[in-house]
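Reader: I would like to go through this structure with you, one question at a time. Could we begin with the ligand?
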Amino acid sequence: MTSQDPTAPAASLDAVGRPLPEFAVPAPLTGHGPARIIAMCNQKGGVGKTTTTINLAAALAEYGRRVLIVDFDPQGAASVGLGISAHELDQTIYNLMMERSADIHQVIRQTAVENLDVLPANIDLSAAEVQLVGEVARESVLARVLRPVVDDYDVILVDCQPSLGLLTVNALTAAHGVLIPLECEFFALRGVALLIETIEKVRDRLNPRLEVDGIVATMFDPRTLHAREVVARVHEAFGDTLMHTMIGRTVKFPDASVAAEPITTYAPTHSGATAYRQLARELVARGDAA
Ligand SMILES: Nc1ncnc2c1ncn2[C@@H]1O[C@H](COP(=O)(O)OP(=O)(O)OP(=O)(O)O)[C@@H](O)[C@H]1O
Ligand SMILES: [Mg+2]
């Protein structure tokens with residue numbers, strides 16, 4: 001078929017006009033681990049880090065991947081968003097960071113989603129940043145904490161807090177890759193250069209394997225020229241680091257958070273659930289997840 005053939009199906013394009021591949025459903029795994037560790041980072045607040053962590057994790061879990069979410073924000077939003085009352089827990093990731101005798105297997109919680117576990121956090125973690133400053137190898141504490149369970153999971157997603165402080169540097173030091181959720185609004189690009197600079201510093205000094213896996217556009221409204229302009233500028237600046245999959249803006253995400261469930265179980269046929277399943281398939285197709 002030539003491109004002039006009027007009966008040829010129109011190739012579908014993504015929001016920046018690139019041909020949109022069909023991302024295959026990932027083949028079942030015959031065994032599990034070792035995990036690829038992905039840090040969800042953006043020092044800007046409220047851009048969709050936690051939403052992307054929970055829903056990408058749930059989508060990967062649906063595809064039979066064993067997934068661990070590391071809640072690495074003292075706000076504990078990822079824990080709460082999965083139905084864990086983190087403020088009531090005696091043992092959280094904070095204890096694992098600060099006490100060498102604490103056992104990660106005792107701290108990990110199963111969620112209502114099959115194949116999805118969470119390492120919870122609560123406000124205790126806010127003390128860690130200060131307390132770690134005097135530690136030896138203070139940047140690699142999270143890597144040490146995760147080591148005993150890396151072989152049990154296929155993917156570990158670390159939900160970072162909105163800062164480039166020592167906790168985020170710990171996440172980047174433990175990770176193989178970084179996903180950058182980017183809200184489709186005017187000031188979205190501000191700060192991304194600084195984030196990339198931080199990632200490059202961590203790669204040079206602490207973690208040579210670290211790579212940027214992708215930028216995920218979130219809260220995208222294709223009906224507004226503004227949102228389309230923002231993704232076009234992101235594509236101009238970062239090329240194919242911008243993932244094809246874009247997450248639309250919908251109130252179903254806050255609704256699912258209130259229900260303490262991923263959208264994939266709260267509204268399994270909603271476009272938001274479909275989008276995160278596609279993101280999971282795209283990540284696997286790129287070789288950035290098992
Ligand atoms: N695609 C979306 N459409 C509509 N609302 C969304 C979407 N993604 C996230 N939200 C909502 O936006 C708010 C911020 O999202 P989220 O908590 O995931 O961001 P965050 O980057 O983790 O924030 P923080 O920096 O505070 O940790 C939440 O209320 C969430 O429900
Ligand atoms: Mg968050």
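Author: By class, the shell around ligand 1 has seven nonpolar, eight polar and three charged residues. Here Ala, Val, Leu, Ile, Met, Phe, Trp, Tyr, Cys and Pro count as nonpolar, Asp, Glu, Lys and Arg as charged, and the others, Gly among them, as polar. Please note that this is a predicted model, in which local features need pLDDT of at least 70 and side-chain atom pairs count only at pLDDT 80 or more, while totals for chains, interfaces and linings use all residues. Residues are numbered from 1 along each chain as its sequence is written, and chains are lettered from A and ligands numbered from 1 in the order in which they are written.

Reader: How many residues surround ligand 1, and which are the closest?
Author: There are 18 residues around ligand 1, and the closest are Gly45, Lys49, Thr50, Thr51 and Pro162. A residue is near a molecule if its C-beta atom, placed from the backbone, lies within 6 Å of it.

Reader: Which elements give two or more residues to that shell?
Author: They are α1 (49-62) and α10 (252-258). Helices (H or I, at least four residues) and strands (E, at least two) are DSSP runs, numbered from the N terminus.

Reader: Is α1 buried or exposed?
Author: In α1, 14 of the 14 residues are buried, so this helix is largely enclosed by the rest of the structure. Buried means that 20 or more other C-beta atoms lie within 10 Å of a residue's own, exposed means 12 or fewer, and partly exposed lies in between, with C-beta atoms placed from the backbone.

Reader: What span should α1 have?
Author: At 1.5 Å a residue, its 14 residues should span 20 Å, and the end C-alpha atoms are 20 Å apart, which agrees. The expected span is 1.5 Å times one less than the number of residues. After α1 comes Gly64, with a positive phi near 85°.

Reader: What does α12 pack against?
Author: The buried residues of α12 (residues 271-285) pack against α1, β7 (211-218), α10 and α11 (263-266). Among those buried residues are Tyr276, Arg277 and Leu279.

Reader: Changing topic, where is Val70 found?
Author: Val70 belongs to strand β2 (residues 67-72). It is buried, with 28 other C-beta atoms within 10 Å. Leaving out residues up to four places away in sequence, Val70 touches Ile93, Leu119, Ile156, Leu157, Val158 and Asp159. Two residues are in contact if their C-beta atoms, placed from the backbone, lie within 7 Å.

Reader: And which residues have the most contacts inside the largest nonpolar core?
Author: Leu157, Val158 and Ala171 do, in a core of 90 residues. Such a core is a set of buried Ala, Val, Leu, Ile, Met, Phe, Trp, Tyr and Cys residues joined through C-beta atoms within 7 Å.

Reader: Is Ala137 buried or exposed?
Author: Ala137 is exposed, with 11 other C-beta atoms within 10 Å. Its place is in the loop between α5 (128-132) and α6 (141-146). Ala260 also has a positive phi, of about 55°, and sits in the loop between α10 and α11.
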